[in-house]
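Visitor: I'd like to go over the charged pairs in this one. Can you walk me through them?

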Amino acid sequence: MKPPNVAESGPGTRNAERRPPGPVSAAWLQRVALYYLERYSASTEMLRRTLSRRVDKRARLRGEDPSAFAEMIAATVARAVSAGLVDDVRFADTRLATLRRRGTSSRGAAAKLAAKGVPRDVVEATMRAEREAIPEAEAADIELQAARAYAKRRRLGTHRRPDTRALHRDRDLGALARAGFSYDLARRVVDADPDEVE
């Protein structure tokens with residue numbers, strides 16, 4: 001007698017050989033691109049990388065050369081750009097605002113945007129637009145506000161218990177420096193009067 005819940009081997013079971021996926025086509029790439037862009041905000045380069053990974057995987061399973069589909073990937077990305085689904089400037093704007101709220105320094109934000117494939121000129125223009133969008137007196141405080149947000153999120157400096165602040169001062173300065181903030185700014189945030197921060 002066969003034990004319960006044990007599948008027999010044969011066609012249609014897990015032991016059967018899997019069929020290779022369908023071929024890479026323009027329609028399939030379009031569906032992959034739309035599905036990805038429905039879920040994530042992306043730069044042009046992020047979309048290209050995602051499509052390349054998906055094509056590499058499918059081509060490998062089919063025993064095909066992924067490089068044969070490079071033009072198809074480029075055409076799919078170009079269609080997404082021309083349709084306004086992907087816009088590096090818009091992506092950089094929204095991503096920079098998010099990074100600033102999280103307490104990311106200018107240096108850190110530029111590095112993170114570059115890692116997402118945003119071209120250097122777009123990054124520079126976005127950061128310049130950020131400074132120009134606020135009054136000149138407040139523009140100098142962008143880094144200070146980011147450093148304070150970072151310290152608050154990581155519980156550094158004034159956000160530690162008063163009895164542990166002095167003990168962790170050097171560690172907190174180092175954390176802010178590694179996050180891309182200058183030593184003077186890090187010292188100003190770590191050594192700030194808690195009442196002034198509030």
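**Salt bridges**

Guide: Glu45 forms a salt bridge with Arg49, with the closest N and O atoms 3.3 Å apart. A salt bridge here is a side-chain nitrogen of Lys or Arg within 4 Å of a carboxyl oxygen of Asp or Glu. This is a predicted model: local features need pLDDT of at least 70, side-chain atom pairs count only at pLDDT 80 or more, and totals for chains, interfaces and linings use all residues. Residues are numbered from 1 along each chain as its sequence is written, and side-chain values use heavy atoms, with hydrogens and water left out.

Visitor: Where do Glu45 and Arg49 lie?

Guide: Both are in helix H2 (residues 44-62), four residues apart, about one turn of the helix. Helices are DSSP runs (H or I, at least four residues), numbered from the N terminus.

Visitor: How many salt bridges does the structure hold?

Guide: Eleven. One of them joins Glu143 to Arg100, the closest N and O atoms being 2.9 Å apart. Glu143 lies in helix H8 (residues 142-154) and Arg100 in helix H4, so the pair ties together parts 43 residues apart in sequence.

Visitor: Is Arg100 buried or exposed?

Guide: Arg100 is buried, with a relative accessible area of 11%. Buried means under 20% relative accessible area, exposed over 50%, and partly exposed in between (1.4 Å probe, protein chains only).

Visitor: Switching to H5, which residues are buried there?

Guide: The buried residues of helix H5 (residues 106-115) are Gly108, Ala109 and Leu113.

Visitor: And what do they pack against?

Guide: Helix H4 (88-101) and helix H6 (120-132), where contact means heavy atoms within 4.5 Å.

Definitions and conventions. Helix = DSSP H or I, 4+ residues; strand = E, 2+ residues; numbered from the N terminus.
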